[in-house]
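Please look over the sequence and the model shown below, and then read the short briefing that follows.

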Amino acid sequence: MQEKFVFSRIGLGLTIALIALTFAQLFPSVVLGLFATIDLRGDLFIAILYLCSCLAYCGVFWLFVRPIPIAPPNPQRFDTKQTFALIGIVYCIGMGLLYFLSDIGNLIHEILHFIFTRTDQSMLTDVTESNSLWVSIFMTCVCAPVFEEFLFRKLLLDRLRAFGEKIAILCSGIAFGLFHQNFMQFFFAAMLGCLFAYVYLKTNRLWSVILLHFMVNAFSTILLPILTHVDETNGYVMFYGLIVMFWILGGCFLVLFRKKVTFGAPCYTFSVPITGKLVVLNGGMLTYLILCLVCCIAFTIL
């Protein structure tokens, strides 16, 4: 299969998966809102709708990438002890960078929102803020880790690592960031996507990145509500104290282990060099990039 065609097919698969996600979320709500007397804001309905949308985008993407050959796994994968050690190190690094990159994304979002709308508050809010705690936990700590890691690590990386681990990690991370469809989450999601991709390629264990993804999301979805419920003032102090701890630990781990980071070479010899131009400048990837940028801009100005 030609190299450019592989990346184009992957980009097209991501595009259709994103459309399937949107359709699966909107179509049932519109139909039921017109013809059924059901509480569209009910916790059970939102949870089922989110689960169905996850199944939709994973299923669609799987259908598109099936013809692409799966590359052989890393023969020198980490053992279980090394895997847990890597999870701990990457978790500290990721959490240390997450809130810094989140602030950058929020700043860009607010600047663009103010420029285009001349208001200081967005009409759109995080969906998890309008749902009960258990629905938020189900969406962000169960569905998101399982389905997003299955798509962006299992389905995507198993095919991209044939082109070399560095290309595979960057593609998986950036595609993951864009899939969130807003500037507020893009930067930290792309960073986390790259870290998750590195862990998956080194361990070849899907559960390792599902666990890592769960740990990242649970920090704000589960831990913060528990701390603030016990004592709101001291809860926030402890929460931000943990963030400072991650800054320190993450920085130390980056300094200590940066020279130990390695990337596997391509599995095959290709007819053309695998460059950024080859990866991006094709119909499928350009379509995905444009669609995600349109969604980001729409989210910003609405």
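Which helices each supply at least two residues of the nonpolar patch? They are α3 (80–117) and α10 (283–301), where helices are DSSP runs of H or I with at least four residues, numbered from the N terminus. This is a predicted model, in which local features need pLDDT of at least 70, side-chain atom pairs count only at pLDDT 80 or more, and totals for chains, interfaces and linings use all residues. Residues are numbered from 1 along each chain as its sequence is written, and side-chain values use heavy atoms, with hydrogens and water left out.

**Surface patch**
- The nonpolar patch on the surface includes Leu107, Phe114 and Ile301, and its residues together have about 770 Å² of accessible area.
- Helix α3 gives the most to this patch, with five residues.
- Isoleucine 301, which lies in helix α10, is partly exposed, with a relative accessible area of 35%; partly exposed falls between buried (under 20%) and exposed (over 50%), using a 1.4 Å probe and protein chains only.

**Helix α5**
- Twelve of the 15 residues of α5 are buried, so this helix is largely enclosed by the rest of the structure.
- Just after α5, glutamine 181 takes a positive phi of about 65 degrees.

Conventions
Patches are made of residues with over 30% relative accessible area and no salt bridge: like charges are joined within 9 Å, nonpolar side chains (Val, Leu, Ile, Met, Phe, Trp, Tyr) within 5 Å. Accessible areas come from the Shrake-Rupley method with a 1.4 Å probe; for residues, only the protein chains shown count as cover. A salt bridge is a side-chain nitrogen of Lys or Arg within 4 Å of a carboxyl oxygen of Asp or Glu.
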